[in-house]
Each structure stands twice: as structure tokens, then as C-alpha cells.
Amino acid sequence: MGFVDKTLADKNSPRGEQHDLGRRDFLRSILAAGGFVLAAKVLPEPASAAVLKTGADAMPHGTVNDPHVFITIDSSGKVTIIAARAEMGTGAARTSLPMIIADELEADWNRVTIQQGYGDEAHFGNQDTDGSRSVRHFLTPMRQVGAAMRAMLVAAAAKRWNVPVSEVRAENHQVLHVSSSRRLSYGDLADDLAKIPVPPAESLTLKTQAEFRYIGKGQIGMVDLHNITTGHASYGIDTRLPGMKYAVITRPPVVGGKLVSFDATETLKVPGVEKVLEVQGWPWPSKFQPLGGVAVIARNTGSAIKGREALKVTWDDGPNASYDSELYQKELTATAQKPGLVVRNDGDVEAAFKSAAKVVSADYYLPHLAHVTMEPPCATALVANGKCEVWAPVQSPGNTFEELVKTLGLPPEAVKVNVTLLGGGFGRKSKCDYALEAALLSRDLGVPVKVVWTREDDVQHDFYHTVSAEHLEAAVDAQGKVTAWRHRSVAPSIGSTFGPGQKHEIPIELGMGFTDLPYAIPNIRCENGEAAAHTRIGWFRSVSNIPHGFAVQSFTAELAHALGRDPKDFLLELIGPARIVDPRATAQGFWDYGEPFESYPIDTGRLRHVVELVAEKAGWGRPLPKGHGLGIAVHRSFVSYIATVVEVAVDEKGNFTVPRVDTAVDCGAFVNPERIRSQTEGAAVMGLSLAKYGALTFKNGRAEQANFDDFRVVRIDEAPGVTHTHIVDKGFDVPPGGVGEPGVPPFAPALCNAIFAATGKRLRQMPIGDQLAI
């Protein structure tokens, strides 16, 4: 085995002792300029433990090495593997991670059953299913879990046969004594396992890559695929409990607003409506707590919705009542024209611009985006007799558990979070406000309550992806070489959701395609202007990589055109030779996705390779029909490298289609190529949706869109004709990167670069909408 995650080598101490970084400390750490370094400083740890925590170690509750937590073997030989993380359709939680365990366990996949774990991070370790972390953080821990149980089976068999352990090995659900050809099934040894101590992690022998049965093979399909595609899968919305009541809530139409009064006279006349209750709201900014409002309780969801329509409510719109996104765009764009807080400074940018033979500049803009998961937020709760049980599609079951404990004031042992399948997540369901709403209503009513968000609720009360203005300038010398690069980014921050007064992007946002620019330019300056938030800002699939990647890769192609260069060749020239780019000395609070930079450096050799690979596979430079164009873009995010070539076809009326997409993926060691291809294809569809239609606008503080008629996503007849995924096999010498999110950022700039190639029209503002209409 080549790749060894040294951060995990000493984690064999009892659960909880080595992972004392609380969730609040974690959030405080990412908000601070020093990122994770601050967390290490503020925690009262002994000197020997005062080391920088990274990766899974840096997450609340870290990892758990006990195989009994994740694996059960019964006397029939059935192996049950617990999926402790949330499954939102990517296949990571309920397929890839169990597959890793099964491989190291030498289990027959056909005899493996997956059981969903509940929300309990003290028991399972970190369960935050976001940040493209599931395989990246848990490949090694899950291998150790499987290998530990395999070693215990071998030890149990050796004990029965009274032979040395070295003479025994596990193979395909059996344990063999090689010299005597004796065999015992896993079921035969099930009862013995409780008597065998769990071996320490450092004593385990993990498989070599050549010994893998499932990892990297691409032969195991997604566990839930049949049920999902045939309509048999059960989601959060499908939860039913005896005596359950249904609730919909009318919430403040403006973030920061509050309820003044309501009249439920007409609502209570609606058949099926039983009660109308005020829902507690929290002061702005409210983090993940409910916005508050008025809940209509009924015998079914339809009655609750009709009752809400009859409700008369008076609101105080609060401090964001005048928010107008059109005016805000002008404000952000103006701010981006002026110097901002310098967050990366290489060389002497001012001198380079003064001596430049040519200066090229451009501005880009991206509006707010809504997640619009296919299953809107929903949750069912029963709070009675001093206990709380919740059933919900949540990406962060552990955080949901902690917020319920805190909000309800119950002891941890009285709270349970059952995790259902998620009908999409994209970051929205990392926030548990809807689960808290259900719990608060159930507490007041003493019966099970299901809170349903309509599509309109979802669109108008989301944690939106940030709006962003990006200004770029490049200085070019007489030989056509770029000598200086200045990038100003202005966007309200996710940090505003956690505390007032946050007007600059925080380190995790700045590190996403902005301060980590990998170009071989001697003078680079990144500046961040102030931007106040007027809505709830949350993380959205790929987060700040979307605006930063769009601006950098669009501007790169614009520069190529201005200098008469081929976009692909010019992109490779800016990337420069294969080397390690280390911005830690010049970038303020540089953040590398929470990973140790030594294991996950910015490697321009890998960046170059995906560009060259995708260009070759896409046939860069090939003859194209009239109205067609190719565009290319590359982006490193979540410590993976992805390059995309989009082919676009534009007709004489300005309508466009995408006949073909090619994407090259270098995510280091990988587990399930079938899942990588699916994620990449999904990223192309989502990227096209965002680029073509994605825009949330506000007037008088209120979201102007409400449903798919005015916040559109691409339909099947608009999806890319074909998407080719080209996976770089780095083997296990390179640690794994993320896969879930990195496919999105390069899509929009590749598309716009293709449109420019086809039409000569440069698009600098998303969405494209009717900008091409003639």
C-alpha cells in the first residue's frame, strides 16, 4: 500500500478523547482569519497534543476506529454495515464507504446489507456530509475498520484451530487454514468476535491495491439505484407516524423580519385545519435556527396549505426591508472597481502595471442561486414525555442532533435523529432549521408533527448561494507575457449567517479559486471588498469556487483572445511548468480545504495534465459545423483537479444547445469510478442549469421568484447530449480528493468560452438567459 494518512496513525484511543474540537469551536475556527490554526490555539489541550488538526481530524468528533460500531456479522454470515453519513443521491454514503469496509473485510458483497445510521457523532464520528469529504476523509478510517474486523475473524479462527495466526487468512467470506485446508465461514465465527480484542490501528495490515476486490473496479452499482428509479425508495417526505399532524408555516418574507400579529379566523374555517400556532423565531442572523412565523396544523398537507392561504398576517420587515438586488449589483460592482482588503500579494503589482505595454480588464457578475432540491425541506418530529425523535433528510445528522438538544433543552440521551434518504442536498440540507420547526411544534402539541416546505417556501426562504462581483486586470509586456494579475472579489459571506458585521469573505471562501490562483505570474494581488448580507447566505455545491472559477477562467480566455492566442495553449502557458505552488506565505489565512498542505499541495503538473487530457479527448481544434464552438476551463477545488471542454451549438436566433461535454478528473486515489462518472454527468447538468437560468432577485427585501416557472432548471431535452468523463488513475500513491462538487466550477466558463468561439459574443454575467437572443 502506497498512500498512508499519517494523521490517522495514532487514533486508537477511546472515542471522544482525541476529538475534543466542538462544533462551535470548528465554526469559530473557519470564521477566523487564521482558520484551523486558531482552533488549535484556543483549545485547552496538553502541550503534546497541541498540533494542527487537519482533514477528518479537524472536524467535530473526527473519526472512530471501532469496527463494532460499523459492522455486525450474524450466525448466517450476513454482514451488516452501518452507513453513518447521509445519502443524498451521490452513492458515497450507502455504497462507496460500505464498499471500502467490505473490501478490507474480504466480505462477499452479495451477502452485505446496508443499514442507515442515526445521528450520533459521539458514537460514529463526524457525520457532516458536505464539502466533498466522505471518501476523502473516510477512505483510510473505513479501510481500518474493515481490516480490524478481518484481523479479528482470523484471530478467532486461529484460536479455534489452535494454530498461529500467521497460518490463517481471510478470503471471500471465509477464513482458511492454508496447510490443512480447513475453512470456517464468517457466520461460524460470529459469536467469537465479542471475545476478540479490537487490534490497534497501527498493527493492521491493509490490502495492497492489487488485492482489492471492489475498490477502483467500478463493478458495483449504487445500492439504492433500483428503488430510486422504480419509485420504491422512501424519503423524508414519506415518513408516516400514527396520529401525525401536518404543518405548513408562513415565515417572515424578509430575512430579519418578525411577526407583529395574525388573524386565523378564516383559516380555522378550512376543513381539516385544527390549530394555528406561532413558531418561535431567532434574532437575525439566526444561524440554522428557524425564521419563526405562524404554523397551520391540519389533518393533511393540502388542508394546511389552504389554511395558510386564508391566514392574515402582519409583519415588521426589519433591517432588510429595502433590499433590492438590482441596486445591490451596482453597489457591488462599484466596490469591485476600488481597492479592497489585500488578501494575497506576490511581487510588485503596481510597478508591473505602470510598466505594462498593454492592460486588459473585465468584470463578471453572478446572482444569488437557490438550491431547489427535488425534495424540498421536510421533517417529522415526536416530542413527548421528555424525549424527542426526529425523522428527516438531513446532511448533518450530528449537527441536527446537537441543535435539537440545545433548542429543546433535553439531555443528549433523550434525543434521536433518524436519517432518511435525501431527495437532493447540494448544501441546503446541511442546515437543520426545518427539523427544529417540526420539533418545536411537536413539543407544543404533544403529538407527531410533519413540517412540509412547499416549493415556494423552499425558493423564498433558502440559505442562498452568495451574489458576487468579480473585477480582473492583467498587465502584459511588449512580448505578450502576462506580468501582473489583479483580482477583486466582492460578495456577502457565509460568515454573515453566523454573526453580525461580517463584511469580508472568510478564509474558506477566499481559498476557493481566489487566493490559491496557480498561475505562473510573478506579480499577483487579490483584494476583497466589503459586502453586507441582506439574505441568509449558505454553502451551495462548490460554494465560492463558482464565482471565482467563472471569473478566472473566463478572463483567461479573454486574455488569450486579446493576445491572439489559442485559449488552450494560453491557459497552459499561464499555468506554467509542473511545480508546487505554495501561497501560504503571501495569502492571508490561506485555507486548503482543511487538509495538510504537504499531502495536498497545489500541483500544477496535475493541473496541466487534466487540461492536456481533456483537450486531446475532446478533439480540441477539430473542424466544427457552423455555429458550433469549443470552450475550455480548468479548476482545482476540494483538492481535486478538473478540466472541462464544452461544445456548444448556437442557431441563428441565439438559441443554444450543448451537444457534447468532456471532463478530465484527477481526484487522486479513487474508490468507485462509476460514482465519479455519475457525479461528473450531474455536474454538467447542474452547471448548465445555473449558467442558463440560475438567478434569484430581490425587491423590497422579498425574493421575486417562487417556483420552477420563474426559477428554471434545464429539462431533459436541454441536457448535454453526451458527457464523457476521463478519470486519471493516480493509484494509491496520491491521497483522495473530493468528487461531489469539483465538476461544477469549470462548466460555466467553458460554456461561455465556447459561446464566444461560436458567436464572438462574450458573456460576463450569469445567467445567460436571453443574452444571445437576436
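In what order do the four strands of the open sheet sit? This is a predicted model, and in it the order reads β23-β24-β25-β28, with mixed pairing. The edge places go to β23 (628-637) and β28 (722-727). Each has a single partner strand, so one side of each is left without a neighbour in the sheet. Going from one strand to the next, the twist averages 15°.

Let's look at one of the pairings. Strand β25 (residues 656-666) and β28 run parallel, and six bridges join them.

Now for a pair of helices. Two packed helices are described by the angle between their axes and the distance between the axes. For helix α16 (residues 545-562) and helix α17 (residues 567-575), the angle is about 110° and the axes lie 9 Å apart. Angles of 65 to 115 degrees count as roughly perpendicular, and α16 and α17 are therefore roughly perpendicular to each other. The crossing of α16 past α17 is right-handed.

Which residues meet there? From α16 come Gln553, Thr556, Leu559 and Ala560, and they meet Pro567, Phe570, Leu571 and Leu574 of α17.

Key
Residues are numbered from 1 along each chain as its sequence is written. This is a predicted model: local features need pLDDT of at least 70, side-chain atom pairs count only at pLDDT 80 or more; totals for chains, interfaces and linings use all residues. Side-chain values use heavy atoms; hydrogens and water are left out. Axes are lines fitted to C-alpha atoms, for helices over the stretch in contact, and angles run from 0 to 180 degrees between N-to-C directions. Helices (H or I, at least four residues) and strands (E, at least two) are DSSP runs, numbered from the N terminus. Angles under 35 degrees count as roughly parallel, over 145 as roughly antiparallel, 65 to 115 as roughly perpendicular and the rest as oblique. A crossing is left-handed if the near helix is turned anticlockwise from the far one by less than a right angle, and right-handed if clockwise. Contact means heavy atoms within 4.5 Å. Two strands pair if DSSP finds at least two bridges between them.
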